[in-house]
Amino acid sequence: MWWILLALMGGGQGDAPDSATTAATTVAEAADEAMAAAQLAALPEVRQHEVRCATIASAVMYDVGRGVSKRSYGLTPAKAETLAGRLAGAIMAETGASDTEVRAMYKQDFEAFTYALLGDGQDQKTAERTVAAAIDDCQPLYASIDVSSGGDGVVTGLAQVSAITMPDTPQCYAILTHISVGIPAFKDEAKEFAAMKARLAALHRKQAGAATDADLAAAVAAFDGAAFDALPEEEAEPKLAQCFGLAAE
């Protein structure tokens, strides 16, 4: 699979755009990639693992479809699509992400996996062993995909959708504002929280497509700090993980 990843990452050759267009496109793409990376990092570890398995399944089917490999590992195009679709639904239900944002997370994971295979001078043998180990790790999930009903299919091995409502970006801004109250401004922790809040504000403007600082102020005003402090640990920790993930550099 590793060689086809190079082709997928390389893309095609087209007419060369002018420098201004190239620069603007590069900046926009970098912002999109940063947002996708933050959203991917904010997912629970089990979801990140499932995303990696969906990424690999799609790559396997791409290889088979192009005739560069005959090894399907028990997968079919329908199974790969079912896994990606059911997983996307779970992520959207848990995080409020859009279908476009989930697709961007998949792309981000694909690029991270590709770099892990091909970056830093990785040789072919090592890359092939890495792929084989990753596929073995995903086999229990692949085995749970059922498309026999003729409908949309199910994936019984996916983690259950969390009943915890995860905070969106303005709510995370409010949470970080709340937990940073009382930290002296000269402390490194205060500077770190200020930087994270600035990244959340930039992310929200990117998501909303406009300068929406009023949304952040409204979220802070509406935030119930006492209720948040009273949350049980098993509910508070995923919320904090979501927020720290979104605010990551």
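Buried, in this talk, means under 20% relative accessible area, exposed means over 50%, and partly exposed is in between, using a 1.4 Å probe and protein chains only. By that cut-off Arg47 is buried, at a relative accessible area of 1%.

A word on the source. This is a predicted model, in which local features need pLDDT of at least 70 and side-chain atom pairs count only at pLDDT 80 or more, while totals for chains, interfaces and linings use all residues. Residues are numbered from 1 along each chain as its sequence is written, and side-chain values use heavy atoms, with hydrogens and water left out.

Now the salt bridges. A salt bridge here is a side-chain nitrogen of Lys or Arg within 4 Å of a carboxyl oxygen of Asp or Glu. The structure has 6 of them.

Arg47 pairs with Glu50, with the closest N and O atoms 2.6 Å apart. Both sit in helix H3 (residues 45-66), 3 residues apart, so about one helical turn separates them. Helices are DSSP runs of H or I, at least four residues, numbered from the N terminus. Glu50 is buried too, at 3%.

Arg47 also forms a salt bridge with Glu94, 2.9 Å from N to O. Glu94 lies in helix H4 (residues 77-95) and Arg47 in helix H3, so this pair ties together parts 47 residues apart in sequence. Glu94 counts as buried at 8% relative accessibility.

Next, Arg52 bridges to Asp109 at 2.9 Å between the closest N and O atoms. That pair links helix H3 to helix H5 (residues 99-118). Arg52 is partly exposed at 24%, whereas Asp109 is buried at 4%.

Finally, shared partners join Arg47, Glu50 and Glu94 into one salt-bridge network.

Technical notes. Helices (H or I, at least four residues) and strands (E, at least two) are DSSP runs, numbered from the N terminus.
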